[in-house]
Amino acid sequence: MVVGGRSLGRAVLALCALPLCLLGAAPAAAAPRAEITRSAHGIPNIKAKNFEGLGYGYGYSFAQDNICIAADMYVTVRAQRSRFFGAGKDYEFEGNGAIVNNLNSDFFYQRIIDKQTVDELIARKPPQGPLPKVRDGVRGYVKGYNAYLDDVGRNGITDPACKGERWVRKIEPIDAYRRFYQLALLASQGVAINEIATAAPPTPSLLGSAAMSAAQRNAAAISGDERAMVSELADKLPLGGIGSNAYGLGKQATQNGSGMVLANPHFPWDGSERFYQSHLTIPGKLNVSGASLFGVPLVLIGHTERLAWSHTVSTAFRFTPFELTLVPGAPNTYLVDGQPRQMETDEVTVRIPRPGPGAQELNRTLYSTEYGPMINGILGLPLFPWTPVVGYAMGDVNAANFRYLNHFFETNQAQTTGKLTRILKRNVGIPWVNTIAADSRGRALYADIGAVPNVPTAKATSCSGVLGVVTRQALGLPVLDGARSECNWDTDPDSLQPGTFGPSKMPLLRRDDYVTNSNDSYWLSNPEQPLEGFARIIGDERTERSLRTRLGLRIIQQRLDGTDGRPGKGFTRGLLQDAVFNNRQYAGELWRDPLVRACRSNPTMLGSNGPVDVAEACTALAGWNVRDNVDSAGAVLFRRFASRALAAPGGLPLDPGLPGTSPFATPFSLGDPVNTPSGLKGSSLSVQRAFADAVSDLRRSGIPLDAELGEYSYELRGKQRIPIHGGPGGLGVFNAISNGYVPGKGFPDVEHGSSFVMVTSFSKNGACPDDRSILTYSQSANPRSEFFADQTRMYSKKRWNDPPFCAGEVEREAVDVTRLGPNGAR
C-alpha cells in the first residue's frame, strides 16, 4: 500500500545494507573496459572480457547513435513527461499503437516507482529475478551510456532533437530496469495506460442512478456500440497490427542439409521500439550477432555460431479483464464469493511546471484489486466502464515477469534448438512473442512458450458474462467473473509463476523440414503437423488464416516442390533472401485476373457517387506484375481496390462467416486451409463499387492509374525521398510495410513493417554462419549521422549487409575502433 507517495515496502527494502544490491551492484571490482569496432553502416562489434564490459560498450555505442530517443524513453519511465514536454500533450507508444497523454503516463509510471514494483522484481532470486551476469551487463550498460554523456556533454550532442536539452540526463540501473518493465507490459497494461491512470469510481450523483447490476448486465444483449468497439479492438490487439514473419528451416528444406532462419519482424520505424543492431563478443564465452529493442543490451533476434532464432508477435493474450460486482453505494468495494473486498488505493503525486519558480504538485488516486489495476477501457475504447454496480480490473501476467531477461541472456549463448527448448521451459518468460529457430544440425523449432494467463477454454466459457461471450468469440479474449474465486487463473504443476500455464500446456513443434509463423496462431506452423488442443486464450485452431500466413506457407511449399520457377528444390541463403523481398502480392495473385475479366465485360461500374469509366484502369491492372516492387506499375491502383474490397461499409473487417460479405468466390475449407478462401466475386456489386471508388480516388488525387509503386510509396529522410517496396500484410504481402494512404500523396512515411531482416544459413561442417541482414530504417535516428539513411537507401534497392562475425572478419572489415576505459573513450 502507498501512503503519501511512500511505499510501506520501502522500510523492508531499506534493511539491505547495500541498497544497490537490488540493482545488481557488486563489490568493488576493476572498472569496465570494452572495444567497439564499427564495421560497414555503423554496426558496432563490441568485445570485452566480461559481461559488465560488454554492457559498457553496448551502452556507449547505443547512446552515440540514438541518444535523443533513449533519453526520451527514460523521461517516460521516470514519470517526468509532463515536467519536460507538457501535461496536456500526447505521445505514441509505437510498440502497440497507443496514444498516451503525458500526465496520465506520469501517474501510471509514478505509481510503479512509488510501489517499488521494479525494485522488488529485481530483488528476487533467479529465475524470477535477474541472473548475476545479467545484473553485471545492466550495470555496465548504464556506465557506458553515462560515459558517452560525460564525453560529449548535452551541448556536444549533434542530434537537434535534444541538443542541449535538460531532459537528457545520466541514468541509473533502476532506469534501465524500468525500461525493461515497460517492454514487458507492452501487450498488457501498456495498452491501457490512459485507462488505468484515469479509472475512478462514479461521482456521488450517479450512485443512486438506476444502473444495471452485474446479473442484469449479463442478462441483457450487448449494444451495437459495444459490438463496434469489440470489432475495433480486434484490429488493435495485441500490438496495434504490428506483426512479423519468421521461417525456421531444417535439413530437409535446405540444399546443404543444415539449418537456416529468416527473421523478418515488422516493428515501428520510429520511436523507442526500433531495433538496434550489434555484435557482442567475450572471447571463448560468447559470440552473438543480431538486434535488440532500444535500451536492451542483449540480442533479442539473431544468431550464435550454430543457432539462429527470431520472434513473431503471438496471438496469446497476456491479460484478462475481470468483471467486478460492486457493492451498491460503495463503488470502491467489490464482492468475491459474496464477501466484500476493499479496493487498494494509491495516492500518487506528479510534479508539473507552472509559471514562475517551483513546480505544481498534482495528486490523483489510482485503484487496484487482487486481480490487478482498475481500468475504464483499452486503447481509447470505453468498453469497460466503471459504473455504480459494475467495474473492471486488468489481470496482467507480465506484471510479475522479469524472467525474459534471463531467457535472452541464456539464448545468446545457446547453440542448438534442444538447448533453446530447455531455456524456454526453464524460464517461461517470453512476454508476447512466438519463437522460431533452427540450428546447424538441421533441426527447426517453433514454440509459443511464455507468460500466458492460465484460462482453460472451459473456464473462459463458464466464467464469461454477455460481454465476455462477445470478446471471446471475436477476439479469443475472456472477460472473467471477478465475483467468483473459481474464475481466477489456474496454476499447473509445472507453472513457474502462479496463474500461468506450465510449458507442457503450450504449443511446441520440432521438425526436420520447416516451421513458420506470420502472426496467426500456432495451428499451421507446419500444415503437415497441425498443433491442436490448446486453450483458446493462446490462439485459434481450424480457422481461416491470413493472406500473409498463406503466402508464407506457399512460398515454402513451392520451393520444396520446385514449382516456383527457380532451379532445384530447397532453399539456399540467396533463395531465402529472394523469398522475403520478392514482394509477391497474394491478394493480387488471387484477384487480378478475375477482376480484369469483370472490368472488361463491364467497363462502366457503379461507384459510391455514380457510374465510373474503368476501361483505362482495366488496362493498367492487366499490366501489373502482381508484385509490390518499386517499379510495379498498377500496384497503387490494386492496393486502393483491395483495401476497400476487404473492408465492410463501416471500415470494419469483414466477417468471412457472414454470407454475402466476403469478396472471395470460394469460401474457407478446413480440408485446404492454405489455399482457401480464393477467387473473386467479380460480378458482386460491392466488389465493383470498390474498384470504381479506387479509380475515382486516384483520379481525384492526380495519381496515374498505372503509376509505379515507388513514385508514391516512400520514406522521407531529411529532404531525400526514398522509394519503398513491400506492402500491406493484410493484402498478403509477405514483405509487410504499413504506410497509410494520404490523398494526393500516396503512401508517405512508413509507420511499421520490415525492420531488422536477417537471413542466416549454417553448414554441417561447423563453418562460419553465412549471414545477411538489413536494418531498413538504418542504425541511427540522428539526422546528422552518416548512419541515418544509408541502410534505408540499401533497402530501397534490395541490397543486404554481410556483417562480420567469425575470427578475423571484424578486424578486416573495421571502419572505426573506439577503446573504452574507466573514463570513457580513449
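The largest cavity holds about 210 Å³ of space. To find it, select Leu293, Leu300, Phe408, Trp432 and Val433, the closest to its centre among the 17 residues of its lining. A cavity here is a set of points, on a 1 Å grid over the protein atoms alone, where a 1.4 Å probe fits but cannot get out, and lining residues have an atom within 4 Å of a point. Grid points are joined across faces, edges and corners, and the volume is the space filled by probe spheres set on the points.

This is a predicted model, in which local features need pLDDT of at least 70 and side-chain atom pairs count only at pLDDT 80 or more, while totals for chains, interfaces and linings use all residues. Residues are numbered from 1 along each chain as its sequence is written, and side-chain values use heavy atoms, with hydrogens and water left out.

Next, select strand 12 (307–313), which gives the largest share of this lining, three residues. Helices (H or I, at least four residues) and strands (E, at least two) are DSSP runs numbered from the N terminus.

Now colour the lining by class: 14 residues are nonpolar, three polar and none charged. Nonpolar means Ala, Val, Leu, Ile, Met, Phe, Trp, Tyr, Cys and Pro; charged means Asp, Glu, Lys and Arg; the others, Gly among them, are polar.

Move to the second largest cavity, of about 170 Å³. Select Phe51, Gly137, Pro297, Leu298 and Phe409, which lie nearest its centre among 18 lining residues. Helix 2 (51–77), helix 6 (132–152), strand 10 (286–293) and helix 12 each give two or more residues to this lining.

Terms used:
On a 1 Å grid over the protein atoms alone, a cavity is a set of points where a 1.4 Å probe fits but cannot get out, and a pocket is an open set with protein on both sides within 12 Å along at least five of seven lines; lining residues have an atom within 4 Å of a point.
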